[in-house]
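Here is a note for a colleague who is meeting this structure for the first time. Please read the points below alongside the sequence and the model.

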Amino acid sequence: LLFGAPALGRQSQAPASPEFRGFVITNVRIFDGHRVMARGIVWVEDGRIRAVGAEIVAPLGLRMIDGTGDTLLPGLIDAHTHSWGDALKEALIFGVTTELDMFTDQKYAAQIRAEQVANKDMDMADLRSAGTLVTAPGGHGTEYGIPIPTISKPEEALAFVDARIAEGSDYIKIISDDGSTYGRTMPTVTKETIAAIVVAAHKRGKIVTVHVGTQQEAREAIEAGADGLAHLFVDSAPAPDFGKLAAAHRVFVTPTLTVLDAICGESSGKDLAKDARLAPYFSPAEVGSLQVSFGVPKTPVKLVYAEEAIRQLKAAGVPILAGTDSPNPGTVHGASMHREMEMLVHAGLTPLEALTAATSAPAKAFHLNDRGEIVVGRRADLLLVRGDPMADITATRDIVSVWKLGIEDDRASYRTARDKDRIAAEAAKTAGPPAGSESGLVSDFEDETTKVQFGTGWVVSTDSYMGGKSTAEMKVVDGGANGSKHSLEITGEIVAGGPAQWAGASFTAGVAPTWAANLSSKKTIHFWARGDGRTYVVMVFAQSLGQIPKMQTFVVGPEWKEYRLTLSAFGTDGHDLGGILFSAGAPNGKFSFQIDDVRVD
């Protein structure tokens with residue numbers, strides 16, 4: 001799953017002209033991206049590292065920060081994410097100062113790049129992005145209802161790469177995945193096409209990373225000349241020569257153990273949600289995201305295969321990069337990097353090697369020469385933590401401060417906002433069913449308005465939250481189900497342009513737009529609908545479902561038809577129901593449908 005809840009939108013950003021105040025951190029243990037200084041001083045001025053050493057002389061009047069007992073690290077670099085909405089804000093809170101995105105809407109990426117150049121977004125992690133990935137017609141990446149270009153043969157490689165570069169792609173990401181690891185069958189690009197893409201990208205000075213699903217696909221990507229692998233494999237034990245093969249071809253590898261664990265049916269994020277050092281900064285939706293996995297595997301898969309591959313790669317001297325593939329099941333932006341480093345240590349890396357994998361290694365692999373190290377002249381992207389991560393890698397979770405370009409992130413205000421979210425969530429759990437919900441009726445539109453019996457009401461919802469161009473309108477019209485007088489008509493157009501396409505009308509169940517309601521006594525979403533013959537979607541939002549809604553489809557015809565969808569089919573018991581969205585999706589084009597007598601009963 002690459003794209004998340006429509007309710008998520010970018011929040012307000014930092015001022016356009018931040019003040020790059022200087023400061024000095026003293027008496028601090030320093031991991032500079034490669035090695036450790038037991039005790040030293042770091043002077044930051046104008047967003048850069050001005051001096052590092054055991055003894056330095058800094059100007060009087062600078063803010064002095066006593067780092068006794070603490071460790072200063074370069075800001076973490078997550079080498080595999082999918083970013084949109086508030087992802088970059090969430091990442092920075094947990095010490096990830098740069099995200100290397102592997103597929104998002106290229107317009108979103110361009111917007112963020114422009115803001116970064118203008119020194120905006122100082123409360124958000126920096127972004128680099130592959131933009132649109134390289135995949136075959138019908139291949140992985142096309143299943144999300146996002147109209148994207150695809151490639152069919154090697155002869156198309158140079159034009160395809162040039163088009164991605166014209167859109168602003170910082171590097172090229174190829175999909176080589178036939179779906180067999182997940183019990184599916186999907187088209188995928190051939191080895192010859194991968195090789196042609198690699199040649200074309202290198203001709204244009206771009207590095208290439210390849211998403212793989214199986215060991216065979218990993219070997220083919222290496223042999224085709226890829227610069228790096230996005231993911232290791234869990235379908236088979238690594239052949240004895242796998243590490244040596246990777247070393248001989250000088251590739252880097254981003255294992256993404258957190259998401260591989262979820263593919264194997266486990267939720268590696270569960271312990272993060274319980275960790276007192278991190279938990280106060282999670283929203284209820286993020287807690288839900290950390291509890292889930294991809295479900296019971298459809299094929300035999302084992303995480304130990306990836307761990308053994310890591311041991312081979314380490315022995316062969318292959319660069320290993322830390323990346324999470326957030327926000328897939330079991331992961332969240334920022335915090336999952338701390339779990340990824342822990343899992344890398346469990347797989348055989350030392351804590352220092354895991355920290356390198358999260359800082360200087362991705363900076364070097366992706367040619368980010370201004371970050372990933374605490375050395376003179378580098379960006380002051382810094383993470384200060386309590387304790388010694390070299391002794392206990394989980395010490396990185398005990399965050400004191402995070403700086404981006406020397407500007408300290410306001411973690412206190414962020415935590416206060418999260419406290420309010422949790423209070424609201426707990427209140428919803430203990431408040432009982434909302435007043436007016438006894439009959440289960442939401443709206444029958446008979447009073448010619450969108451009045452609701454409980455909740456906040458009906459609103460238009462479109463992909464504009466994520467930079468899309470789809471449109472929708474809703475209005476009460478004559479003619480309803482079962483001979484009633486009125487119904488709600490929803491019309492609009494699905495337009496390509498965002499990372500996901502939707503448009504429709506949403507009902508919020510709580511007493512405020514971001515609150516949930518306790519509807520655990522209800523079992524079914526019950527409604528009537530008619531329309532233009534398209535397939536439509538019901539999306540259910542619940543805090544325990546995390547940031548990605550669960551969906552069910554329904555097809556409408558010209559005559560009124562009754563629909564009953566169980567809450568259990570959406571993976572919820574209704575105790576924290578946030579809202580219900582009735583929406584059009586792919587294919588692109590105009591749509592029109594009506595709903596009536598909407599109930600949760």
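1. The protein has 14 helices and 26 strands, where helices (H or I, at least four residues) and strands (E, at least two) are DSSP runs numbered from the N terminus. This is a predicted model, in which local features need pLDDT of at least 70 and side-chain atom pairs count only at pLDDT 80 or more, while totals for chains, interfaces and linings use all residues. Residues are numbered from 1 along each chain as its sequence is written, and side-chain values use heavy atoms, with hydrogens and water left out.

2. As for overall form, a compact globule of 601 residues would have a radius of gyration near 25 Å, and the protein agrees with this at 25 Å; the radius is taken over C-alpha atoms, and the globule rule is 2.2 Å times the number of residues to the power 0.38. Along the principal axes, the C-alpha atoms fill a box of roughly 80 × 60 × 40 Å. Of the 601 residues, 59% count as buried, that is, under 20% relative accessible area, with exposed meaning over 50% and partly exposed in between (1.4 Å probe, protein chains only).

3. Helix α2 (residues 106-117) has twelve residues, which at 1.5 Å a residue should span 16 Å, and its end C-alpha atoms agree with this at 17 Å apart; the expected span is 1.5 Å times one less than the number of residues. The buried residues of α2, among them Y108, I112 and R113, pack against α1 (87-93), β8 (126-129) and α3 (157-167). Just after α2, N119 takes a positive phi of about 60°.

4. Two cis peptide bonds deserve a look: one joins S326 and P327, with omega of about 10°, and another joins A586 and P587, with omega of about 5°. P327 is found in the loop between α10 (303-316) and α11 (336-346), whereas P587 is found in the loop between β25 (577-584) and β26 (589-600).

5. H231, although not a glycine, has a positive phi of about 95°; it lies in the loop between β11 (228-230) and α6 (242-248), and counts as buried because its relative accessibility is 5%. D597, in strand β26, has a positive phi near 50° and is buried, with a relative accessible area of 18%.

6. S484 sits in the loop between β18 (471-478) and β19 (486-494) and, at 22% relative accessibility, counts as partly exposed. Not counting residues up to four places away in sequence, S484 touches E446, G479 and D596, contact meaning heavy atoms within 4.5 Å.
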